[in-house]
Amino acid sequence: MEEGLSGSADVLPKGSFRLLTGSPDEIRREGVASFPSLAESTALQGGDEPWWCCHFQRSLPFLEAFEPLEEPLVFRSSKGELNVDGFGDRRFEDDSVQQSLRKEQITIIDFQSADDFVVRLNTQVNEDELILAKVQPKLDLASMLEGVMQRVRSNPLEGSERSEIQEGEALVVPMLTVNLVEWFSHTPPGFQTIRFRLDEKGAALDSLLGYNCLGDDIVLRQMVFDKPFLLYLKSKTAKAPYFVLWVDNLEVLQPFASKAEG
């Protein structure tokens, strides 16, 4: 199994993540209001060493929950077979309002065979896509991802009845639970937790990426102007500044006054 979460902020949905810095206790206190699950994180242990963290949460619920399967789904992989929980329907019919709503949550992007198809499950979050693709495995995850994304972009069944699930057709999806912690031994040391759940109610992802700010080769920069320094003001379009000051005269500095002195 390969899994991953892109750490690039430009691909993360707005409002789904927050950057936090400080000690483990400070990060928990600051982030728990927006991300309650942060309080349960075991990756951030106590201590005073500062950390940099990005906490990501995203929930994609279905408008109408699918039915869990009453019989097990036999999942076959290169490592063997396993009876697993699943959701969906082995034979969709128009016998209820709920069933009609569930069918509307399924968009068939492409279907070549029972072992080669791409499906989108539509959730209440219109800004996001939940894509599932049963395809032949390739050497690396990136190659498989690009191939599936290309099929989604071309969307060969768009606008046709074949993009909708028909009466008597089946969609069966295994329920998934990913719960892992990966530690990075490089500099700076860090970790990433990933918790993902896909079931009849929808998908939910919770991830915490953290780096210790005190790696072996990391020097925290102390930028304190406590010696003579240069200051200038300049128009960005001009070739020269319009004001320059070399600060080496105590008369231009404002003496500190304690609160007791008023």
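**Helix packing and nonpolar cores in a predicted model**

Good morning. I begin with helix α1, residues 24-31, whose buried residues are Pro-24, Ile-27, Arg-28 and Gly-31; buried means under 20% relative accessible area with a 1.4 Å probe, protein chains only. Because these residues cover an arc of only 100° around the axis, they sit on the same side of α1; the arc is taken over the directions from the helix axis to the C-beta atoms. They pack against β1 (17-22) and β2 (51-61), where contact means heavy atoms within 4.5 Å.

Residues are numbered from 1 along each chain as its sequence is written, and side-chain values use heavy atoms, with hydrogens and water left out.

The secondary structure comprises 3 helices and 14 strands, defined as DSSP runs numbered from the N terminus: H or I of at least four residues for helices, E of at least two for strands. Helix α3, residues 141-154, has 14 residues and spans 20 Å from its first C-alpha to its last, close to the 20 Å expected at 1.5 Å a residue; that expectation is 1.5 Å times one less than the number of residues. Which residues of α3 are buried? They are Val-148, Arg-151 and Val-152. Their arc of only 100° around the axis puts them on the same side of α3. The buried residues of α3 pack against β6, β7 and β8 (131-134). Just after the helix, Asn-155 adopts a positive phi of about 45°.

I turn to the nonpolar cores, that is, sets of buried Ala, Val, Leu, Ile, Met, Phe, Trp, Tyr and Cys residues joined through side-chain atoms within 4.5 Å. The largest has 16 residues, of which Phe-87, Ile-106, Leu-121 and Leu-171 touch the most other members. Strands β7 (116-121) and β9 (171-174) each supply at least two residues of this core. Apart from it lies another core, of 6 residues, including Ile-27 and Phe-191.

Finally, confidence. The chain averages a pLDDT of 80, and 76% of the residues score at least 70; pLDDT is the predictor's confidence in each residue, from 0 to 100. Confidence is highest in strand β6 (residues 106-113), at a mean of 93, and lowest in strand β14 (residues 243-247), at 66.

Methods: Buried < 20%, exposed > 50% of the residue type's maximum accessible area, 1.4 Å probe, protein only.
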